[in-house]
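This report covers the chains, salt bridges and surface patches of one model.

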Amino acid sequence: MAQPLVKKDDDRDDEAEYSPFMGIEKGAVLQEARVFNDPQLDPRRCSQVITKLLYLLNQGETFTKVEATEVFFAVTKLFQSKDVGLRRMLYLMIKELSPSADEVIIVTSSLMKDMNSKTDMYRANAIRVLCRITDGVLLTQIERYLKQAIVDKNPVVASAALVSGIHLLQTNPEVVKRWSNEVQEAVQSRAALVQFHALALLHQIRQNDRLAVSKLVTSLTRGTVRSPLAQCLLIRYTSQSASNSQGGDRPFYDFLEGCLRHKAEMVIFEAARAITELSGVTSRELTPAITVLQLFLSSSKPVLRFAAVRTLNKVAMTHPMAVTNCNIDMESLISDQNRSIATLAITTLLKTGNESSVDRLMKQITNFMSDIADEFKIVVVEAIRSLCLKFPLKYRSLMNFLSNILREEGGFEYKKAIVDSIVILIRDIPDAKENGLLHLCEFIEDCEFTYLSTQILHFLGIEGPKTSDPSKYIRYIYNRVHLENATVRAAAVSTLAKFGAMVDALKPRIFVLLRRCLFDSDDEVRDRATLYLNTLGGDGEVVETDKGVKEFLFGALDIPLVNLETSLRNYEASEDAFDINSVPKEVKSQPLAEKKAPGKKQPTGLGAPPAAPPTTVDAYERLLSSIPELASLGKPFKSSAPTELTEAETEYAVNVVKHIYDRHVVFQYNCTNTIPEQQLEEVSVVVDSSDAEEFGFVLSKPLRSLPYDSPGQTFVVFEKPEGVPAVGKFSNTLKFIVKEVDPNTGEADEDGVDDEYQLEELEVVSADYMQKVGISNFRNAWESLDADLERVDEYGLGPRESLAEAVNAVISLLGMQPCEGTEAVPSNSRSHTCLLSGVFIGNTRVLARLQFGLTGPKEVAMKLAVRSDDIAVSDAIHEIVASG
Amino acid sequence: MQACPQVKNILVLDSEGKRVAVKYYSDEDWPTNGAKEAFEKTVFTKTHKTNARTEAEVTMIDSYVIVYKFVEDLHFFVTGGEDQNELILASVLQGFFDAVGILLRGNVEKSEVLENLDLILLCLDETIDGGVPLQTDAAVLANKVASHNIDSGAPLSEQTLAQALVTAREHLTRSLLK
């Protein structure tokens, strides 16, 4: 390490001498490029200039369009020279300049000549250049030569043509697909790399034809494959077709296992990795793969160790037992020079470790932690957290470890990871609570991150009062009021107040402390202190704080913050105070759908439902209340996402939004006229509700006129029994009067013709009666609901594509909000628990806990437990599932 | 997983992390020069303290696997996607690294590489084509790159006398320079 440093000092003075590109400048080099035009070319000089140009491009310099064109034209002159070296620099330059289609023509003939040259090097390079810059038209002209090149005797030429084919397949698949006979022949080539390139191309040509791929793979697995790279490809294709084939037996497993004995390490590894990634792999199948990976762990090559430990780390997530044999080798890797390897080894050990080895492991990790970077430490902290959740009895040593590293130096992300872990442990392991809270208290004594201090203070306020001796936390919290910045002080005041509200014995002392805060220099701190003193009754005698006050001060605001923000923005100061109940509780439609929207509109601005006018709940409400007939219905309980009732790119685009009220259903049809020569008038939708017996027609509100490309709405209102989640199908017909529009004046004819347009059916389903309302802490909410109102039942969901598919189907059937990220199902898992929350019509909170399991091959069973405020609603949810 | 092994870039940086020669094969990952430079900086700062002089080393940054090897004041890197077989990347790195060694007659350092940048760029070009490994055998690679020193291109009969003289002089000067 020292050597280059010294050297650098020595060289600094003559640096100008040794770098041929010192002080290089684009303008000057472009001037120099004029030598390309000399009648008597100097190949050496020209090569140097090209190298300079390439150097500039390599350093990130860009040429303007004009400069690039000029250089390109100058460079083409160099085809006159016969100098091989110059010719190859010329090829490089053309590739870097990536000329435009009209420029390409100029070099085409020269390149085509080179393609047929006797010099192999010319042929190979000319093919690569030409294929790089070519377009479809030119390609058909040179196709014949390319086909020849693929089966050329010279491997360099054949490889050049094949690799070019791989690239061209992306842009001109129909041309490349015609080469499959030649490619097939090249697969049999004796040259190792030609075989590799041919195999890659052939597979890409045929990848959509499963049968062909499986045939190809079968024939090759029996034959000989010379290049290790080609063998790796074969392994990938094999495992792909194995995962596509249904059923339990794996005809290709023997081939994969055989590859574990190959002489090239990359093949062995590829095969071992392929085996570990087989879906539903058994431990017997895993064993040979794990054995070779274990050997790699003690290799002298870091890359090999890394590859092995990375793969084992993944295996440990699904099959921890299979990896335990490697634990000894893994432990020695903790001291590996390469910290990436060491970190992977540690996290693997943490995943596979058993209860008895935890203490020993923690000792080793402690030494290790001091010399790795923060990002690795975060990985370790996360692994420790999951280990602790796995072995709750070991919380003491793990918690101690976390608190120790919390005291050491570290950046924000790292500290946050530790604090988050402690918080999770406190939440999930009741025994760890007091211990953990004290660690956190100590941490905020000396914490430089405001964000973390406030988070911890908030958490203390929730958990602290529930402990056996809440008073011991007061000192830590009150210290913050003295020593911290305003944000933390304000948070500390709130926490103190929470203790006061929850623990009557502490009230007098808390009041004393809060009164002192009235003299704080910061407004917010004083305001909070005043508010708490007044509401908690600090000026009178000690009384039990009543529930309403607690709810007011500390109750959760079960409104999505986004919605609250929009409502506050829209609120105009007036006589009426802002009503928090007017804020919609519905979680806004997924941002994914919103992202898609602009793309949809792009093509012409027509076919797509143009800006299905208001997308947010809020905007719907404004729209509905602006129509007198609808305003009288009250406030809608829920508005669905728009459903398309027409195919894309039809004459009239219509989608529908279902607004659910307590006693009514309103269908809002968003219509767009996509024919410029027409204006529609008196547009209405005739709805046939014969398949929806519980609904009765009330009124229809037609749209007066629908000019070209400006969306309008028409409404239909139905009545339904109050509070009942009635379902049904409705068929729709669009009725209107068509009037021709004069394209010149834009005015519509006087006379119109009655016309109809058939729309697709729409359906009101149970999910329409459910609001997606998320909650932050499912467990607490679940416990807070009466267990007597729980309804549990089991269902067979029949054969399903996958567990994830079954989970999604049930979620969309119920229309509830998944909580705590439980909608994501890890691949390969055999069971899954999903937590859902929502508000059912009639404002009844509903929580559901769904446990899915695979019973047979692809058979999914589900256990559904529902709790809600109303037993009838719990039953209704079960009915939805039972009938859905 | 990608069907065909793909290399996302090959970097040769100096001992201060500055570009000597780089080649990117994936514009989606690094669309601008700024993004490329930022990537080079991260890679360099994460690796420059490690000892990758005897054996190639490996690390992961974001979702890329990077194998690297250092010699003198030069740092060689080959980057692939996170699903990539590390050993394939390592063989690409080793092939390129050794080929450069042969081309520069074992004299691999920054000044020498810049002096022979044309050879290095040709060598890069012969190693990878659009992300697909073209050749990983160092000897073959070096041979392909160096072959133009032996002017096998045009048969002498096709050259005019003047050109032949130029070629001859060219040869002479080059062999003297060696």
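## A salt-bridge network

Which residues are linked in a network of salt bridges? The network is made of A:Arg88, A:Lys95, A:Arg128, A:Arg132, B:Asp125, B:Glu126, B:Asp129 and B:Lys144. A salt bridge here is a side-chain nitrogen of Lys or Arg within 4 Å of a carboxyl oxygen of Asp or Glu.

## Basis of the values

This is a predicted model, in which local features need pLDDT of at least 70 and side-chain atom pairs count only at pLDDT 80 or more, while totals for chains, interfaces and linings use all residues. Residues are numbered from 1 along each chain as its sequence is written, chains are lettered from A and ligands numbered from 1 in the order in which they are written, and side-chain values use heavy atoms, with hydrogens and water left out.

## Chain A

Chain A contains 40 helices and 17 strands (DSSP runs numbered from the N terminus, with helices being H or I of at least four residues and strands being E of at least two). Of its 884 residues, 50% are buried; buried means under 20% relative accessible area, exposed over 50%, and partly exposed in between, with a 1.4 Å probe and protein chains only.

The accessible surface of chain A is about 42,400 Å², and carbon and sulfur atoms hold 50% of that area. Areas come from the Shrake-Rupley method with a 1.4 Å probe, and for residues only the protein chains shown count as cover. Among contacts in chain A with a separation of 6 or more, 63% are between residues 24 or more positions apart (a contact being heavy atoms within 4.5 Å).

## Chain B

Chain B has six helices and seven strands, in the order β-β-α-β-β-β-α-α-α-β-β-α-α from the N terminus. Its residues number 178, of which 56% are buried.

For chain B the accessible surface is about 7,300 Å², with 53% belonging to carbon and sulfur atoms. When contacts between residues at least 6 apart in sequence are taken, 49% of those in chain B join residues at least 24 apart.

## Individual salt bridges

Over all chains, the count of salt bridges is 42. One of them pairs A:Arg123 with A:Asp152, with 2.9 Å between the closest N and O atoms. The two residues are 29 apart and link distant parts of the chain: A:Arg123 is in helix 8 (residues 120-133), and A:Asp152 is in the loop between helix 9 (136-150) and helix 10 (155-171). A:Arg123 counts as buried because its relative accessibility is 13%.

A:Glu265 and A:Lys301 form another salt bridge, their closest N and O atoms lying 3.3 Å apart. A:Glu265 belongs to helix 17 (residues 265-277), and A:Lys301, 36 residues away, to the loop between helix 18 (283-297) and helix 19 (302-318). Both are partly exposed, A:Glu265 at 32% and A:Lys301 at 34% relative accessible area. In chain B, B:Glu16 bridges to B:Lys18 at 3.1 Å between the closest N and O atoms; B:Glu16 is partly exposed at 38%, as is B:Lys18 at 48%.

## Surface patches

A patch of negative charge on the surface gathers A:Glu677, A:Glu740, A:Asp742, A:Glu747, A:Asp749, A:Glu750 and A:Asp751. Patch residues have over 30% relative accessible area and no salt bridge, with like charges joined within 9 Å and nonpolar side chains (Val, Leu, Ile, Met, Phe, Trp, Tyr) within 5 Å. Lys and Arg count as positive and Asp and Glu as negative, without His and the chain ends; the charge is placed at NZ of Lys, CZ of Arg, CG of Asp or CD of Glu. A:Asp751 lies in the loop between strand 9 (728-740) and strand 10 (753-758) of chain A and is exposed, at 64% relative accessible area.

A:Phe73, A:Ile105 and A:Ile106 make up a nonpolar surface patch, together with about 270 Å² of accessible area. A:Ile105 is in helix 7 (residues 101-115) of chain A and is exposed, with a relative accessible area of 62%.
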